[in-house]
Amino acid sequence: MQVELLLERFTHTRRQTEALTAPLSAEDCQLQASPETSPTKWHLAHTSWFFEEFILGPAGVDRVFDATRTMLFNSYYETASTGFWARPARGLLSRPSLAEVMALRERISANVVAFFRESPADAEALRRLEIGIHHEEQHQELILTDILYNLAVNPSEPAYDAASPPPTPPRETSRWQHVSGGRRWLGSEGRAFCFDNETPRHEVLLRDFVIATEPVSNDEFLQFIEDGGYARPELWLSDGWAKAKSEDWRSPLYWRQDARGWRTMSLHGALPLDGVAPARHLSFYEAHAYATWKGARLPTEAEWEAAAPTLRYGEVWEWTQSAYSPYPGFRPPPGALGEYNAKFMCNQIVLRGGSCATPPGHARVTYRNFFPPEARWQFSGARLANDA
C-alpha cells in the first residue's frame, strides 16, 4: 500500500510540474535573466535526473541520461558525477530541446513506476522516492519564482498567468502578541516527512518576546520608503548598505512607480500595488533595515517556531535573524544525498513560513528555507519581533 500511495503521489507531482509549465512557450522555458534563476527547461530536466541518479541508477536500471546530460542537469552534487554545468550558463543550453526534455521526463517517470511495481519494496529506495517527490515540489516553487524574474525583465510586462489574481485574504490590523519564554523544543520529531536540516529535535531556551500577528504589508513598507529608508545608512547593516548602493535599490524588487502610482510585477503581470498584501521580494537586508526603522527586530527562527502555532502564515516567506546552521547533533546522510542541505550551512539566512508559491504540505512549522541575505527574487517578506 505504501508503494502504491507513493507512486500515486509521484505521478501527481510529475503532472503538476508539467501543468505549471503549460502557460509557457519553448522560448519562455529557455529564459535565464540572472545567475540566480534557472530556465524552466532546466528544472524539468534536473528533477528527472534526480530520480534516475538516486533511485534507478543504484538499482542498475538502464540510464536515460548519458554522461554529458548528467553533467548538464546535475545541480551541485559533486560526488554524483564528474563536474556539472555552471549555474549562470544554464540558459545557454538550447540543446536538448524542450521537446526532448519532456520525452526524457516521460521515460524516467515510466521507469520509476515500473521499477517499484516490478521489484520488492526496498525501504531505502522508498525513502529516496519520497525525498525525490518533495525535491520536485521544491522545484515547482522555483519554476514560479524564476519565471517571474525572467519575464519581469521584459518591458512589455508579460504575465505568466493572464487571469485576474485571487483577492488578498482578509487581514486584521497587526498587533504585538506576547509569547512566554522558557524551555522550548525546536525541529521535527521525524514522524512525518521532513528534510534532514529540520532535525534533530532539540531544546532551546527563550526569553519572553513579542511578535507581530501579521507580516509587514506593502502600505507599511511604503512608509519606510517615503521616510527615506533607502537613503539612511544608519538603518542598514554594512553589507546591506553597500549592496543597496551598488545596485541602486530604491524599493523592493518588482516595485515600479510611474504616473499611475506604485505598481508591482507579479505572475499575473504588472498590477497596482495592493497596500494590504504582505510586502514581497524583500532581501534580508531590506527586512532588517525596515525592522530597525520601526524600533524592532526580526525574530530568531526559534522564536518564530515557538509562536507559529498561534500565527497566520504562508503568504510570504519570512526572514528571521538566524544564520542557517546545523542543529545540535545534526549529521548529514551518507553519500551524495548528504549534499542536499548540509553543504549550504554557511553564509545563508533562515526563512520560515512558506509563500503563495509554496506547494501544499511544505509550509509546516519546522520547515527551514534558506537564502543569502541579498536574495530578493523569492516571495520573501518580514514579520517583526521584539523583546518583551
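User: Helices (H or I, at least four residues) and strands (E, at least two) are DSSP runs, numbered from the N terminus. With that settled, which loop holds Pro200?

Analyst: Pro200 is found in the loop between strand 2 (182–186) and strand 3 (202–206). The model is a predicted one, in which local features need pLDDT of at least 70 and side-chain atom pairs count only at pLDDT 80 or more, while totals for chains, interfaces and linings use all residues. Residues are numbered from 1 along each chain as its sequence is written, and side-chain values use heavy atoms, with hydrogens and water left out.

User: What kind of peptide bond joins Thr199 and Pro200?

Analyst: The bond between Thr199 and Pro200 is cis, with omega at about -5 degrees. The bond from Arg95 to Pro96 is also cis, and its omega is near 0 degrees. Pro96 belongs to the loop between helix 4 (67–73) and helix 5.

User: Which residue has a positive phi although it is not a glycine?

Analyst: That residue is Asp248, with a phi of about 55 degrees. Asp248 sits in the loop between helix 8 (238–246) and strand 5. As background, most residues other than glycine have a negative phi, and most peptide bonds are trans.

User: Let us step back. How many helices and strands does the chain have?

Analyst: There are 10 helices and 12 strands in the chain. The radius of gyration is 22 Å, close to the 21 Å that the globule rule gives for 388 residues, so the chain is as compact as a globular protein of that length. The radius is taken over C-alpha atoms, and the rule is 2.2 Å times the number of residues to the power 0.38. Along the principal axes, the C-alpha atoms fill a box of roughly 60 × 55 × 35 Å.

User: On to helix packing. At what angle do helix 3 and helix 5 cross?

Analyst: Helix 3 (residues 40–56) and helix 5 cross at roughly 30 degrees, and their axes come within 9 Å. Helix 3 is therefore roughly parallel to helix 5. Axes are lines fitted to C-alpha atoms, for helices over the stretch in contact, and angles run from 0 to 180 degrees between N-to-C directions. Angles under 35 degrees count as roughly parallel, over 145 as roughly antiparallel, 65 to 115 as roughly perpendicular and the rest as oblique.

User: And which residues of helix 3 and helix 5 meet?

Analyst: Among them are Leu44, Phe51 and Ile55 in helix 3 and Val101, Ile108 and Phe115 in helix 5, where contact means heavy atoms within 4.5 Å. By class, the contact of helix 3 with helix 5 has 12 nonpolar, three polar and three charged residues. Ala, Val, Leu, Ile, Met, Phe, Trp, Tyr, Cys and Pro count as nonpolar, Asp, Glu, Lys and Arg as charged, and the others, Gly among them, as polar.

User: How do helix 5 and helix 6 cross?

Analyst: The axes of helix 5 (residues 98–118) and helix 6 (residues 123–152) come within 12 Å and cross at roughly 150 degrees. The two helices are therefore roughly antiparallel to each other. Arg105, Val112, Phe115 and Phe116 of helix 5 make the contact with Ala125, Leu126, Leu129 and Glu136 of helix 6. This contact has six nonpolar, no polar and two charged residues.

User: What of helix 3 and helix 6?

Analyst: Their axes come within 10 Å and cross at roughly 170 degrees, which makes helix 3 roughly antiparallel to helix 6. The residues of this contact divide into 12 nonpolar, seven polar and three charged.
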